[in-house]
Amino acid sequence: ERVLRQIEYAKKAFETGTPSFGSCWGMQMAAVAAGGMVEANPKGREMGLARKIHLTEEGRSHALMRGKPFVYSAFISHVDQVTKLPAGATVLASNDFTHIQALAIRHKKGEFWATQYHCEYDLAEVARLVVARTPKLLREGFFREESELKAHVQKMEALAAEPNRKDLRWQLDIDDDVLSDSLRQCEFANWIEHCLKPRLSR
């Protein structure tokens, strides 16, 4: 019931033309509200870092992705994915694990910009999320034992505290695309600039 309420909320945003941005679950709710479909990813959970995300041809010229590298990593935690695009949707970014990593949906009076990954998270928050997911990550084979998970989290937290540490960047395969606030969050900043500010200035 609460999921259906969220879908109805997204439908209202489209009907009223309210500028909307969402990540992860938000993208999925918007896609369903506009007529798309969401299902479990047969590859399982994408966790921690979504790697080798690349902009599509449409993404390279779309305002949502302005300032984003053509290939980048992003913080992520999800099991479901958009499997059927609604009419009026444009895929802006993709990787081998999840076909739709960024999406723009035009529907009725509104437009919803969204990412499957979490541009709002920082490294410290993702480290805490790994801890919160400990039983699932062990069960799903991300770590063989809890001590490995804890050691990994300690490295993440250490890099969050000292983001210029070359050793931890290399060991964790983490670079400025997720450590730089301006790069990691540019989608949200672009949405504010191109969707929200023009509406507020009317």
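This is a predicted model: local features need pLDDT of at least 70, side-chain atom pairs count only at pLDDT 80 or more; totals for chains, interfaces and linings use all residues.

Guide: Ser 20 belongs to strand S1, which covers residues 20-23. Its relative accessibility is 10%, and because buried means under 20%, Ser 20 counts as buried. A polar atom of the Ser 20 side chain lies 3.0 Å from the backbone oxygen of Thr 18.

Now the core. The largest nonpolar core has 19 residues, and those touching the most other members are Leu 123, Val 130, Met 156, Leu 159 and Ile 174. At least two residues of this core come from each of strand S3 (46-55) and helices H3 (123-132), H5 (146-161), H6 (166-172) and H7 (176-179). H3 gives the largest share, 5 residues. For Val 130, the contacts are Met 47, Leu 137, Phe 143, Leu 149, Val 153 and Met 156, not counting residues up to four places away in sequence. Another core, of 18 residues, lies apart from the largest one; Ala 50, Ile 76, Cys 119 and Cys 195 are among its members. In soluble globular proteins, nonpolar side chains tend to be buried together.

Next, the charged pairs. The whole structure contains 17 salt bridges. One of them joins Glu 157 to Arg 128, with the closest N and O atoms 2.6 Å apart. Glu 157 sits in helix H5 and Arg 128 in helix H3, so this pair ties together parts 29 residues apart in sequence. Glu 157 is partly exposed at 31% relative accessibility, and Arg 128 is partly exposed with a relative accessible area of 45%.

Glu 148 and Arg 144 meet through their side chains in a salt bridge of 3.0 Å, N to O. Glu 148 is partly exposed at 27%, whereas Arg 144 is exposed, with a relative accessible area of 76%. Arg 165 pairs with Glu 162, the closest N and O atoms being 4.0 Å apart. Arg 165 is partly exposed at 29% relative accessibility, and Glu 162 is partly exposed with a relative accessible area of 45%. Finally, salt bridges link Lys 12, Glu 15 and Lys 108 in a network.

How values were computed:
Residues are numbered from 1 along each chain as its sequence is written. Side-chain values use heavy atoms; hydrogens and water are left out. A nonpolar core is a set of buried Ala, Val, Leu, Ile, Met, Phe, Trp, Tyr and Cys residues joined through side-chain atoms within 4.5 Å. Buried means under 20% relative accessible area, exposed over 50%, partly exposed in between (1.4 Å probe, protein chains only). Helices (H or I, at least four residues) and strands (E, at least two) are DSSP runs, numbered from the N terminus. Contact means heavy atoms within 4.5 Å. A polar contact is a pair of N or O atoms within 3.5 Å; within protein, one must be able to donate a hydrogen and the other to accept it, and residues adjacent in sequence count only if both atoms are side-chain atoms.
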